[in-house]
Amino acid sequence: MAQARHPRRAPAYDGELGAAVARAQEGDEAAFAVAYRLVQPSLLGYLRGLVGDDAEDVAADAWLEVARDLGRFRGDGAGFRGWTATIARHRALDHLRRRRVRPRAAGTEQDVLDLPGPHSTHDQALESLSTERALELVRGLPRDQAEAVLLRVVVGLDGPAAARVLGKRPGAVRTAAHRGLKRLARQLGVGGEAEESVTDGASGTLGEST
């Protein structure tokens with residue numbers, strides 16, 4: 001599985017991805033394969049957090065839709081990651097509905113929340129999200145928190161992009177990601193004294209303001 005990316009850093013391959021998508025839209029099949037290679041690992045990680053062992057099947061359905069509708073896409077590499085994540089999410093929710101699995105209801109959302117600094121408990125949790133065990137823990141979070149963490153950390157979307165995928169405000173996604181990462185930090189055994197920084201007036205944020 002691809003290693004998780006820090007949500008404050010745009011993936012370094014976005015330029016290459018944008019160029020590959022542009023060529024693929026002109027009919028270059030090899031370029032589409034490049035785009036697939038760049039996006040699939042993080043997309044699969046996102047789907048594993050949503051549907052578990054069925055992630056590869058759901059991803060295959062998502063890529064069929066991506067290939068079919070590629071000509072309609074407008075945007076750069078980062079936009080393509082968001083677009084494919086949106087398609088994958090829709091296919092995942094369809095899959096869950098077919099299995100008659102009701103997603104857990106989202107908790108109360110708080111728009112304004114101070115987040116910890118750059119060397120906090122939450123960053124330690126981010127570093128651990130490249131493991132299968134961590135993805136299992138993410139799946140145990142309330143759905144709004146799980147999706148926010150997966151989109152920000154695994155897919156690497158920024159706050160507004162993740163909010164567009166989920167159909168929510170960036171502030172709500174930021175809050176959900178904060179809560180999810182705080183819970184993951186406890187479950188992963190990182191934090192301790194760092195947990196006290198959660199309510200301190202720290203400067204770091206996971207997403208942009210609304």
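Reply: Happy to! One term to start: a polar contact is a pair of N or O atoms within 3.5 Å; within protein, one must be able to donate a hydrogen and the other to accept it, and residues adjacent in sequence count only if both atoms are side-chain atoms. This is a predicted model, where local features need pLDDT of at least 70 and side-chain atom pairs count only at pLDDT 80 or more, while totals for chains, interfaces and linings use all residues. Residues are numbered from 1 along each chain as its sequence is written, and side-chain values use heavy atoms, leaving out hydrogens and water.

Me: Thanks! Which residue caps the N-terminal end of α4?

Reply: Asp-76 does, with a side-chain oxygen 3.4 Å from the backbone nitrogen of Ala-78. Helices here are DSSP runs (H or I, at least four residues), numbered from the N terminus.

Me: New topic: how many salt bridges are there?

Reply: A search of the whole structure finds 11, each a side-chain nitrogen of Lys or Arg within 4 Å of a carboxyl oxygen of Asp or Glu.

Me: What does Glu-16 form a salt bridge with?

Reply: With Arg-37, the closest N and O atoms being 3.6 Å apart. Glu-16 sits in helix α1 (residues 14-25) and Arg-37 in helix α2 (residues 29-51), 21 residues apart.

Me: And which residue meets Arg-99 in a salt bridge?

Reply: Asp-54, at 3.1 Å, N to O. Arg-99 lies in the loop between α4 and α5 (121-128) and Asp-54 in the loop between α2 and α3 (55-69), so the pair ties together parts that are 45 residues apart in sequence.

Conventions. Helix = DSSP H or I, 4+ residues; strand = E, 2+ residues; numbered from the N terminus.
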